[in-house]
Amino acid sequence: MVLSPPNEQHEQAIKNLYFYKDPKETEEDIDALIEWLSKQPHLPNITDRVWLRHFLIGRKNNLQRTKKVIESYFTIRVEMPEIFNDMSSDAEWIQKVVKVGKMSVLPKMTPEANRVHIIRSIENNDGDFDAMAMCKGSLKTIDYLMRREPVYGLVFLLDLKHCQLSYLLSFTPTLTKNLMRCIDEATPLRVRGVHYVNPPKFVSRLVNFFKLFMPSKIQNRIVIHETYDTLYEYIPRDVLPDEYGGTAGSIEKFEDDIMRATKEDDEWYRNMPKADLSKRPVQSKNIDIDMSGTFKKLDID
């Protein structure tokens, strides 16, 4: 199993974070979302109740915020096609990614019901690093999560053991800012932490530079770990792979699992409904929200 379901401890943590809502009221909110979407000329007419429920719960059952993030989810894919085009598992850019880096999602949640997304550099002699491809791979992984479950919170774990300076320098300010926008505005997840392990000497200075292009709440959740001991204060050993001093299993297995699992979404990507920005009402560009609760400014919690 790629993703283990929440246990009783996780369910309690979720309720404590005010995610709980009476199931009948949730269904009524989903009905409202379907009706709202049917009246938006520029958005696809989505009726997938499971997908909509995940977005609703991810936005803490706030109907207005859910509308905002669904709008952004579709429109940003048209505004930034270079990041979202060609997302099926046979895409050429995926072959570039696996030569220099690996990605996974850990099966077990943290006690706070957060998922852990690991991105690590690997030893490479014959592949060129492609920062755009790495961003696409991470967003593809996040898409996989959002289709399977509500993402209550996401922790990024970035392993830089084999990272070269040129890799990080290829993340231009524009690309970094656009990636943050994709995660901040166009997904219902909350970034609970960004943790760097096995950092080269040059990382601290570069991370401080990258912070300039990140929301303030994410800036405050970035931690650079010189040893794994400090990492365990944020992610328990029983959640972490063996390679990081954990007991959850092999990181390579988790990477293979997610590569196979994301193939399930190939047909969905090929037939994914898209926004038509030529039909977007002028007022939809406003940041003020009207009585229908469509365009409220969204912050990462």
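This is a predicted model: local features need pLDDT of at least 70, side-chain atom pairs count only at pLDDT 80 or more; totals for chains, interfaces and linings use all residues.
User: What makes the pair of Asp-257 and Arg-260 side chains a polar contact?

Analyst: A polar contact is a pair of N or O atoms within 3.5 Å, where within protein one must be able to donate a hydrogen and the other to accept it, and residues adjacent in sequence count only if both atoms are side-chain atoms. The side chains of Asp-257 and Arg-260 make such a contact at 2.6 Å.

User: How do you know that the buried residues of α10 line one face of the helix?

Analyst: Helices (H or I, at least four residues) and strands (E, at least two) are DSSP runs, numbered from the N terminus. In α10 (residues 203–210), the buried residues are Val-203, Leu-206, Val-207 and Phe-210. Seen down the axis of α10, they fall within an arc of 100°, the arc being that of the directions from the helix axis to the C-beta atoms, so they line one face. They pack against α8 (165–169), α9 (173–186), β4 (191–197) and β5, where contact means heavy atoms within 4.5 Å.

User: What makes β1 and β5 the edge strands?

Analyst: Two strands pair if DSSP finds at least two bridges between them. The open sheet has the order β1-β2-β3-β4-β5, with mixed pairing, and β1 (101–105) and β5 (222–225) each pair on one side only. β1 pairs with β2 (residues 115–121) in the antiparallel sense over 5 bridges, and Met-103 has Ile-119 in β2 as its bridge partner.

User: What is meant by the largest nonpolar core, and which residues touch the most other members?

Analyst: A nonpolar core is a set of buried Ala, Val, Leu, Ile, Met, Phe, Trp, Tyr and Cys residues joined through side-chain atoms within 4.5 Å. The largest has 72 residues, of which Leu-52, Ile-70, Phe-74 and Ile-183 touch the most other members, and α7 gives the most to this core, with 9 residues. A second, separate core of 14 residues includes Leu-157, Leu-231, Leu-240 and Ile-251.

Technical notes. Residues are numbered from 1 along each chain as its sequence is written. Side-chain values use heavy atoms; hydrogens and water are left out. Buried means under 20% relative accessible area, exposed over 50%, partly exposed in between (1.4 Å probe, protein chains only).
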